[in-house]
Amino acid sequence: MAQFSNGSTVDPRTGYSPADSTFYSKRDPIPLPANEALDVTTFISSRAHRGKVAFIDATTGQQLTFSDVWNAVESLATCLSIDMGIRKGNVVLLLSPNSIYFPIVCLAVMSLGAIITTTNPLNTPREINKQIKDSNPVIAFTIPELLPKLVDSNLPIILINNQTTNLTQKDNFNFKILGNLENLIQKKPVQSRLKERVTQDDTATLLYSSGTTGASKGVVSSHRNLIAMVQTIVGRFKLDQGEQTFICTVPMFHIYGLAAFAAGLLASGSTVVVLSKFEMDEMLLSIHKYKATYLPLVPPILVALVNNAEVIKKKYDLSSLKKVLSGGAPLSKEVIEGFLEKYPSVAILQGYGLTESTAIGASTDSLEESRRYGTAGMLSPSMSAKIVDPESGKAFPVNKTGELWLRGPTIMKGYFSNEEATASTLDSEGWLRTGDLCYIDEDGFIFVVDRLKELIKYKGYQVPPAELEALLLTHPEISDAAVIPFPDKDVGQFPMAYVVRKSGSSLSESAVMDFIAKQVAPYKRIRRVAFVASIPKNPSGKILRKDLIKLATSKL
């Protein structure tokens, strides 16, 4: 048994301490800066690194060196502060696909002590307006093509590029365009900005997550959370030991993309090749062209790489690739071994995290660890965990299944303006209830068994059933509805609806799907419908989704 500084006796093999029923990380703890008056932008920019090129636009080939990036960040921050009056605590909305300018906006905003909130470009105006109403941003950054989605927001806007060819005078009429980002970052400041004191405890980002209960909520993450995340990523991939080239296909608006590219990799001197959206051929061409070494992805893309390996290897040279980083769901033995058979020189690493934990939680840091099939990995550095019985609240030891609770330096401050949701997710000691049913084995590896939270994982995106059910119930011919995850080998899961029609209705499956498709982002669309006489519920009225899942999958 090892002795911890807090007096706990910990089993070095499992990481478990019977004294407080807590699992402690077996990895070396991450160093955190002692200086309280520190923002994440200053922390990242002050790190020593040997890299030259920070970002490459995969489509145009445009490059930004590290000095380009930091000059642009300072110019934009000065402009936002002096010309536009952005102050500490103001919220700034960023609605954009992946771009080499995406990290510049984030870093400039956070350097002011202002708060960045991002949203999915695929979201509908209704979904975006809901987030705007909740977060109350004072300004928005977007591209011309997405302007129509902000038509009712009344927000002043900075355009991220000059491509206005598809916009008419009428399209522009309702918008207050303050300028163009590329012009603003080239502008020489006439005066220095007033630098407000920003501390590690101040809020840096407000990313929206479905959390553990299904309704979208703003996750409040501090500068300390992001600094800890950066340190964990740099340490995990040993990025300070040499330059690497990463392909960025995962969305930057999401915690996965934001963690890895808008902050983490800048701190190491690595180069990030940015794809504005995922296209398999463009991704493969970018690996080939830029000799990429690291490829973050989600499981469906990894499966596609396995299934199409012969064609891919004839067309593209992927010999530079060292590691693929998979997140979103644990990989099966068949997928891992199938990939290694086709790409024997590439190691698979996996990760587990939530928006609420700033993308950090557990990981496999070697191929040997990933070959513990089905695992989400071992606890990340400086993280601790409990496995808790959801009914009794009792904490379990090794190899017992319960809800995974996490605590550490990357755990969020709480949900924005939602004390009830915060209290039900974070306890008074800082433990985050993840909503995932897990167990930790005799070697300290976490295995996700099921989800307590009712989220559907479609290509790595989270789809809350409650949101789709609420929309279904607004249909004049639907009296009741339930939405469940339906398993699919290509996308992971997709939303399936069970619908109770009102008396006399002959509503069709396609009509139900079309009704939802007009109101939600493409990844939230219902792709299967079954009509039933009633929705099974428990005595308190809660939908018995497990019964419906069993019914839906019984014929597979």
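The legends below go with several close-up views of a predicted model.

**View 1. Two domains of one chain.** The chain is divided into domain 1, covering residues 64-222, and domain 2, covering residues 454-552. Between the C-alpha centres of domain 1 and domain 2 the distance is 34 Å.

**View 2. Where domain 1 and domain 2 touch.** Here we look at the contact between the two domains. On one side, 11 residues of domain 1 take part, and they are in contact with 13 residues of domain 2. About 900 Å² is buried between domain 1 and domain 2, and carbon and sulfur atoms give 46% of that area.

View 3. You can find a salt bridge between the side chains of E127 and K524, with N and O 2.9 Å apart. Five residue pairs are in polar contact between domain 1 and domain 2, counting pairs with both residues at pLDDT 80 or more. Sorted by class, the side of domain 1 that touches domain 2 has eight polar, two charged and one nonpolar residue.

View 4. The structure holds 19 salt bridges, including the pair formed by K187 and D83. The closest N and O atoms of K187 and D83 are 2.8 Å apart. K187 sits in the loop between α6 (181-186) and β12 (203-209), while D83 sits in the loop between α2 (66-82) and β7 (91-95), so this pair ties together parts that are 104 residues apart in sequence.

**View 5. Stretches annotated as transmembrane region.** This last view turns to a database record. An unreviewed UniProt entry places the feature "transmembrane region" at residues 100-122 and 253-274.

Technical notes
Residues are numbered from 1 along each chain as its sequence is written. This is a predicted model: local features need pLDDT of at least 70, side-chain atom pairs count only at pLDDT 80 or more; totals for chains, interfaces and linings use all residues. Side-chain values use heavy atoms; hydrogens and water are left out. Domain bounds come from an automatic or database domain assignment. Contact means heavy atoms within 4.5 Å. Buried area is the accessible area (1.4 Å probe) that two parts lose on being put together, summed over both. A salt bridge is a side-chain nitrogen of Lys or Arg within 4 Å of a carboxyl oxygen of Asp or Glu. A polar contact is a pair of N or O atoms within 3.5 Å; within protein, one must be able to donate a hydrogen and the other to accept it, and residues adjacent in sequence count only if both atoms are side-chain atoms. Ala, Val, Leu, Ile, Met, Phe, Trp, Tyr, Cys and Pro count as nonpolar, Asp, Glu, Lys and Arg as charged, and the others, Gly among them, as polar. UniProt positions are given in the numbering used here, feature names are shortened, and annotations may be inferred rather than shown by experiment. Helices (H or I, at least four residues) and strands (E, at least two) are DSSP runs, numbered from the N terminus.
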